[in-house]
Amino acid sequence: MYIEIREKNDTYYVIFKHEGEKGKPLAQFASNNKEEAENVAKAYAKQNKCMIRHASGGIETPEMPRPGTDGEV
């Protein structure tokens, strides 16, 4: 598992990724502030003892979890 910070259209998304995972990425956090997104990613990475990867662009915009769905889209 690793945490990915993806920048697309001046928005920074924090995404949990698992090796070999397929499907549309699900962002756990989104912000227009790069520093804020990095701080959230650092906190998640420290909690889950994993690495952070920075990426930009991508074909599609990550989805955000809907309230009350426990992150399932």
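The legends below describe close-up views of a predicted model.

Residues are numbered from 1 along each chain as its sequence is written, and side-chain values use heavy atoms, with hydrogens and water left out. Local features need pLDDT of at least 70, side-chain atom pairs count only at pLDDT 80 or more, and totals for chains, interfaces and linings use all residues.

**View 1. Confidence along the protein chain**. The protein chain averages a pLDDT (the predictor's confidence in each residue, from 0 to 100) of 85. A score of at least 70 is reached by 90% of the residues. Confidence is highest in α1, at a mean of 95, and lowest in β4, at 89. Helices (H or I, at least four residues) and strands (E, at least two) are DSSP runs, numbered from the N terminus.

**View 2. An open sheet of four strands**. The strand order is β3-β2-β1-β4, and the pairing is mixed. Strands β3 (27-31) and β4 (51-56) stand at the edges, each with a single partner strand, so one side of each lacks a neighbour in the sheet. From one strand to the next, the twist averages 20°. Angles run from 0 to 180 degrees between N-to-C directions; axes are lines fitted to C-alpha atoms, for helices over the stretch in contact.

**View 3. Pairing of β2 with β3**. Two strands pair if DSSP finds at least two bridges between them. Here four bridges join β2 (residues 11-17) to β3, and the two run antiparallel. Y12 stands opposite S31 of β3.

**View 4. S31 in strand β3**. S31 counts as buried, because its relative accessibility is 9%. The cut-offs are under 20% relative accessible area for buried, over 50% for exposed, and partly exposed in between (1.4 Å probe, protein chains only). Leaving out residues up to four places away in sequence, S31 touches T11, Y12 and E36. Contact means heavy atoms within 4.5 Å. The side chains of S31 and E36 make a polar contact at 2.6 Å. Such a contact is a pair of N or O atoms within 3.5 Å; within protein, one must be able to donate a hydrogen and the other to accept it, and residues adjacent in sequence count only if both atoms are side-chain atoms.

**View 5. Helix α1 across the strands, with A37**. Helix α1 (residues 34-48) lies across β1 (2-8), β2, β3 and β4. The helix runs at about 10° to β2. A37 belongs to α1. A37 is buried, with a relative accessible area of 0%. Not counting residues up to four places away in sequence, A37 touches I5, Y12, V14 and F29. A37 and H18 are 19 residues apart in sequence and 19 Å apart in space, C-alpha to C-alpha.
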